[in-house]
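The sequence and structure are shown first.

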Amino acid sequence: MGNWVKLICGASFEDVIDIRNLSLVYTLAGVDCIDCAAEASVVNAVNDGIEAARAILPIRRPWVMISVNDGEDLHFRKAEFDPDDCPPDCSRPCENVCPADAISNSSIAGLSKGVLAERCYGCGRCLPICPYDKIRATTYVRDVASTSELLARDEVDAIEIHTSGRQAELFHELWNGLGDSIHKLRLVAVSMPDIGELTIPAMDSMYATMKANLRCLNLWQLDGRPMSGDIGRGATREAIKFALHLASVKDKPKGFLQLAGGTNAHTVEGLKRERLFQTTTISDNSNGEKVPLNSSEASHALISGVAFGGYARKIVGRVLRSLQSEHGYACLEDHPDHLLKALEESLALVGTVKCYRGS
């Protein structure tokens, strides 16, 4: 690893048309993994997009990952409100602030007004901006039995467990509930925030829970500033800060490190400034020359990959919105001009990690 790239469709994002087209574009762009909601219809959409891409170009198939949670988590919530309760003179700032175009006060394609649940992915930006405090958030936990059934379908390669890291018993309960369904997986990821001095003990505890039943690779997703990559350059700072924290720790549990939460086109630039985006060299000798790390040093110093979510969806979403306005809900590959624009956007982002531009 080292240039591993994951597309995050969103643990709560369930717009199957967009997910299908996003999966097509980012498969062509060369991502290694596509992370999506643990719903059969969403997994089907991801796989359909992947196969559509491979029909265009015989490209390597990315792994399909589903996201679940062991407790209350920002990624597993939906905004909701009753549009009939909104004052008629409201300026509707919620519509403008929503990055997913999930809020409308007029009917769209026969859908009800208000929050379009399948498009909402829980960023929460609408909650504080409502001038009348009408919007609320509902949270949920993915059902363990349903998740196990989904894994048994052999259409999923990996799972990601979102956790606060503060309640070991909840993680233990979820892991045990998954049982033998994880044995066919290629990768198990754990996504968690930086909880300071408690981070490494929490990771140690979770790894101890997983170890006896872990038959594949494992990865720690460092969730810096959740669902904020589309905001701007500064959003990635927390992810890089978290990376610096983990990279400086020698005695941490086995597993690759991946950045998420605020990641965008500036993330690799920030990692390079901190000398974390390296694959064969990272330090200078007395002559100022780069010298290679040995394997034990590298396992503690290197960041293995980057996951792109909100920003990745935003840059391609602009093209998908244009496609929708011109042609309705359509397959992207049927419209080459739009496909090319979407691919240009995705390649520019994925290329920051894959070094397509020779950077």
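Is arginine 321 buried, partly exposed or exposed? Arginine 321 is partly exposed, with a relative accessible area of 23%; buried means under 20% relative accessible area, exposed over 50%, and partly exposed in between (1.4 Å probe, protein chains only).

## Basis of the model

This is a predicted model, in which local features need pLDDT of at least 70 and side-chain atom pairs count only at pLDDT 80 or more, while totals for chains, interfaces and linings use all residues. Residues are numbered from 1 along each chain as its sequence is written, and side-chain values use heavy atoms, with hydrogens and water left out.

## Salt bridges

The structure holds 22 salt bridges, each defined as a side-chain nitrogen of Lys or Arg within 4 Å of a carboxyl oxygen of Asp or Glu. In one of them, the side chains of arginine 321 and aspartate 18 meet at 2.8 Å, N to O. Arginine 321 belongs to helix α11 (residues 310–327) and aspartate 18 to helix α1 (residues 16–29), so this pair ties together parts that are 303 residues apart in sequence. Helices (H or I, at least four residues) and strands (E, at least two) are DSSP runs, numbered from the N terminus. Aspartate 18 is buried, at a relative accessible area of 8%.

Arginine 20 pairs with glutamate 333 in a salt bridge whose closest N and O atoms are 2.7 Å apart. Since arginine 20 lies in helix α1 and glutamate 333 in the loop between α11 and α12 (336–354), the pair ties together parts that are 313 residues apart in sequence. Arginine 20 counts as buried at 9% relative accessibility, and glutamate 333 as partly exposed at 25%.

## Nonpolar cores

A nonpolar core is a set of buried Ala, Val, Leu, Ile, Met, Phe, Trp, Tyr and Cys residues joined through side-chain atoms within 4.5 Å. The largest such core has 95 residues, and those with the most contacts inside it are Tyr26, Ile66, Trp220 and Leu271. A second, separate core of eight residues includes Trp4, Ala158, Ala189 and Leu219.

## Surroundings of isoleucine 240

Isoleucine 240 is located in helix α8 (residues 237–247) and counts as buried at 9% relative accessibility. Not counting residues up to four places away in sequence, isoleucine 240 touches Leu259, Thr267, Gly270, Leu271 and Glu274, where contact means heavy atoms within 4.5 Å. Between isoleucine 240 and glycine 262, the C-alpha to C-alpha separation is 9.3 Å, and the two are 22 residues apart in sequence.
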